Amino acid sequence: NDSTVDAATRGKLAYVLEARRFAAEELGIDVGDSYTMYTELDRDTLALVVSAAYKDRLVPKTWWFPVVGHVPYKGHFSVNGALGEAEDLENDGFDTYVRPTPAFSTLGWFNDPVLSTSLQTDDVEVVTTVIHELAHRHLWVPGSVAFNESYATFVGRVGAVRFFCSREGSGPDSVKCERSLARWRDFQRFSEYLDGFVEELEAIYDDDSLPFEEKVARREIVFSAALDRFDAEVAPELESFTFAGFRNGALNNATLLSRIRYYNQLRRFDAFLEHHEGDLVAALDDLLRRAPGLDDPFELLPG
């Protein structure tokens with residue numbers, strides 16, 4: 001309501017509040033007081049995330065923290081700190097990846113504010129981000145980051161579809177409904193592509209007869225062929241996202257795992273939703289009830 005704040009920021013903050021209400025009232029998520037405060041940062045990136053992986057297998061290096069358990073990434077608010085850690089990891093023989101992040105969730109331990117860095121995208125992405133991060137408040141399985149992040153991707157994307165395709169003043173024929181649907185389809189296409197990519201790599205990495213140097217050499221052939229397949233088969237089918245960061249950035253086990261972490265088996269999540277007859281609330285309640293007791297929560301998903 002502050003007229004001294006620019007109209008674009010006020011418009012996106014209004015969407016934040018609506019998405020927060022939607023998550024609470026329509027999805028049954030305990031939102032607490034998250035996203036009721038706004039923090040303006042003096043930079044365009046909230047933090048840098050460092051991840052690392054072994055060169056001869058799709059296994060990440062992990063760090064252990066209280067509450068969340070083992071996680072395959074570490075955040076830095078300092079550029080020098082992030083780059084210095086990545087250099088140390090490379091010297092130890094790891095593949096590394098340093099990426100920016102505009103938001104994160106404290107899993108309900110604190111009331112997360114809206115950060116100016118998370119408002120740099122369009123309205124669909126703002127709503128998706130809010131629902132994604134609130135999904136972490138609803139469910140976090142300690143030590144199962146691959147499941148947690150893919151689950152939140154699923155909830156954020158499907159939640160945004162429900163938000164824009166059903167809310168008053170929008171509806172199934174609106175541009176934002178069509179945009180959110182197209183992005184969810186693109187995410188599933190990319191996820192399916194990654195699943196096949198991973199199968200090819202694991203056939204090499206799991207071959208105990210191959211020495212380290214041979215595995216690293218052969219993976220480069222798989223990397224090259226997979227990028228060609230992306231250009232020929234995946235990119236022409238994309239409706240909204242280009243995944244340019246994946247296509248044009250460095251490709252190694254760390255950068256690949258960072259994508260897998262958020263796009264892992266998304267079609268299985270969609271099938272899980274279909275199993276619950278499209279009832280997202282029922283699907284979320286089922287996951288909340290059963291996932292925390294499993295070593296591998298992906299066991300709950302069909303396929």
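The following exercises, each with a worked solution, concern a predicted model.

Residues are numbered from 1 along each chain as its sequence is written, and side-chain values use heavy atoms, with hydrogens and water left out. Because the model is predicted, local features need pLDDT of at least 70 and side-chain atom pairs count only at pLDDT 80 or more, while totals for chains, interfaces and linings use all residues.

**Exercise 1. Aromatic pairs**

Task: Determine how Phe154 and Phe269 are arranged as an aromatic pair.

Solution: 
1. Rings of Phe, Tyr and Trp (its six-membered ring) pair if their centres lie within 6.5 Å; planes under 30 degrees apart count as stacked, over 60 as edge-to-face and the rest as tilted.
2. The structure holds 26 aromatic pairs. In the pair of Phe154 and Phe269, the centres are 5.4 Å apart and the planes make 25°, and the pair is stacked.
3. Phe154 belongs to helix α4 (residues 145-166) and Phe269 to helix α9 (residues 266-275), so the pair ties together parts that are 115 residues apart in sequence. Helices (H or I, at least four residues) and strands (E, at least two) are DSSP runs, numbered from the N terminus.
4. Both Phe154 and Phe269 are buried. Buried means under 20% relative accessible area, exposed over 50%, and partly exposed in between (1.4 Å probe, protein chains only).
5. For Phe163 and Phe164, the ring centres are 4.9 Å apart and the planes stand at 80°, so this pair is edge-to-face. Phe163 is buried, with a relative accessible area of 1%, and Phe164 is buried at 0%.

**Exercise 2. The nonpolar core**

Task: State which residues touch the most other members of the largest nonpolar core.

Solution: 
1. A nonpolar core is a set of buried Ala, Val, Leu, Ile, Met, Phe, Trp, Tyr and Cys residues joined through side-chain atoms within 4.5 Å.
2. Among the 81 residues of the largest core, those that touch the most other members are Phe147, Tyr151, Tyr193, Leu194, Phe197, Phe246 and Leu256. Helix α4 supplies the largest share of this core, 12 residues.
3. Another core, of 8 residues, lies apart from it and includes Val50, Ala86, Leu89 and Phe94.

**Exercise 3. Positive phi**

Task: Decide whether Tyr35 and Glu277, which have a positive phi, are buried or exposed.

Solution: 
1. Most residues other than glycine have a negative phi.
2. Tyr35 is not a glycine, yet its phi is positive, about 60°. Tyr35 is found in the loop between α1 (7-25) and β1 (38-39) and is buried, with a relative accessible area of 7%.
3. Glu277, also not a glycine, has a positive phi of about 55°. Glu277 lies in the loop between α9 and α10 (280-290) and is exposed, at 76%.
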